[in-house]
Amino acid sequence: MNPQMPQKLSLPGVKQVIAVASGKGGVGKSTVAANLALALHMSGHTVGLMDADIYGPSVPIMFGLGTVNPQTTSFPLEKFGIRLMSMGFLVSPEQAVIWRGPKVAQAVQSFLGQIDWGQLDYLIIDLPPGTGDAQLTLSQSAPLTGAVIVTTPGEVSLIDARKGVKMFGEVRVPILGVVENMSYFTDATGAKTPIFGVGGGQKLADENHVPFLGELPIDPRVAACGDNGEPMVRKHPDSPVAKAYMTLAATV
Ligand code: ADP
C-alpha cells in the first residue's frame, strides 16, 4: 500500500455515504448538503450530516446550534431528526482557521472513525470547497458511495467544478451527478430569470457522462433560513425550492 494513502475507514451501519462537493466556495454547497439531508429525512430515511468544511463550518448556524462542551456532550448531536457533527461544535471559526492540513485531516478522520453514527440510510458529508489536500484525504479515507457536485450555471463556477470531478476520478469515487444551484429567479409574474447564466450544470454533467440531477431555484428565503437556523426545506416545505430538493432526494 502507498504509505501516503490514508487508511479507508469503514462505517458498517451506514448504507450510503455521499459527499457534497464543489470546486468553488459560495455556490451553495453547504446549503445543498443541509437541505438534501433534510429532504432525505422527510422522505422517510435516517440521515446524518457531517460538516467537513473545517475552515468554514456552516452546519451549526444552519441548524441553530453553537459550540458545546465536548466533555459533557456526546456526538453526533441531533436536530430536526438529523444526526450532526461539525468542527463548529468544538471550536470557534477563528481557532480552526489557523489549523494546518494534517490537523484538519486528523479531525475529519476522527469524525468518521470515532463518532458512533449508528444505523443510517445516508451520511451526507459537506466537503470543504476546492480540491486540495483536505479534500483528497477525505475522499480517500471516507467510505464514499459517491459524490454530488454542486455548481452554479456560470462558466467561472464550472472551471472549478471540473477540477472537483477530476479529483474524484483520480481517487475512483463515482460521481452520482451534478446539481445546479441558483439556476433562476422566479418573479411575481412567474417569469424565470437566469441571473447567473444558463446550462452550466447540464454541460458539466454531459462532459463527464454523469447524470444531471436538476436545477435549484434562487430564493432569498434560502439564505434567510440558513442564517436563522432552520433550513428552507423544513421551514417552507411547500416552496418550489423545497419541492426541487424532494425530487433531488428521490434521485440520489
Ligand atoms: P458554499 O458552501 O458553496 O460556500 P453556501 O451554502 O454557504 O455556499 O451558500 C452561500 C450563500 O448563498 C449563503 O448565504 C446561502 O444561504 C446562499 N444560497 C445558497 N443557495 C441559494 C439559493 N438557491 N437561493 C438563494 N440563496 C442561496
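Let's start with V108. In this predicted model, V108 sits in helix 4, residues 101-113.

Who does V108 touch? Set aside the neighbours within four places in sequence, and V108 is in contact with A52, I54 and L138. Look at A52 in particular. A52 and V108 are 56 residues apart in sequence. In space, their C-alpha atoms are 6.2 Å apart.

Now try L65. This one lies in a loop, between helix 2 (59-62) and strand 3 (77-79). L65 has 16 other C-beta atoms within 10 Å. Buried needs 20 or more, and exposed means 12 or fewer. L65 falls in between, so L65 is partly exposed. Its contacts, beyond residues up to four places away in sequence, are P60, L77, K79 and F89. Compare L65 with N35: 30 residues apart in sequence, and 16 Å apart from C-alpha to C-alpha.

Next, the core. In soluble globular proteins, nonpolar side chains tend to be buried together. Here, the largest nonpolar core has 72 residues. Which residues have the most contacts inside it? They are V20, L36, I124 and I125. Helix 1 gives the most to this core, with eight residues.

Take V20. Leaving out neighbours within four places in sequence, its contacts include L36, I124 and I125. V20 is also in contact with K29, V32 and A33, among others.

Stay with helix 1, because it packs against helix 10, residues 240-251. The angle is about 75°, and the axes are 8 Å apart. Angles of 65 to 115 degrees count as roughly perpendicular, so that is how these two helices lie to each other. Helix 1 brings N35, L36, A39 and L40 to the contact. Helix 10 brings Y245, M246, L248 and A249. By class, that makes seven nonpolar residues, one polar and no charged.

Last stop, the ligand. There are 19 residues around the ligand. Which come nearest? G28, K29, S30, T31 and A223. Helix 8 gives the most, with four residues. The shell has eight nonpolar, nine polar and two charged residues.

Note on methods. Residues are numbered from 1 along each chain as its sequence is written. This is a predicted model: local features need pLDDT of at least 70, side-chain atom pairs count only at pLDDT 80 or more; totals for chains, interfaces and linings use all residues. A residue is near a molecule or strand if its C-beta atom, placed from the backbone, lies within 6 Å of it. Ala, Val, Leu, Ile, Met, Phe, Trp, Tyr, Cys and Pro count as nonpolar, Asp, Glu, Lys and Arg as charged, and the others, Gly among them, as polar. Axes are lines fitted to C-alpha atoms, for helices over the stretch in contact, and angles run from 0 to 180 degrees between N-to-C directions. Angles under 35 degrees count as roughly parallel, over 145 as roughly antiparallel, 65 to 115 as roughly perpendicular and the rest as oblique. Two residues are in contact if their C-beta atoms, placed from the backbone, lie within 7 Å. A nonpolar core is a set of buried Ala, Val, Leu, Ile, Met, Phe, Trp, Tyr and Cys residues joined through C-beta atoms within 7 Å.
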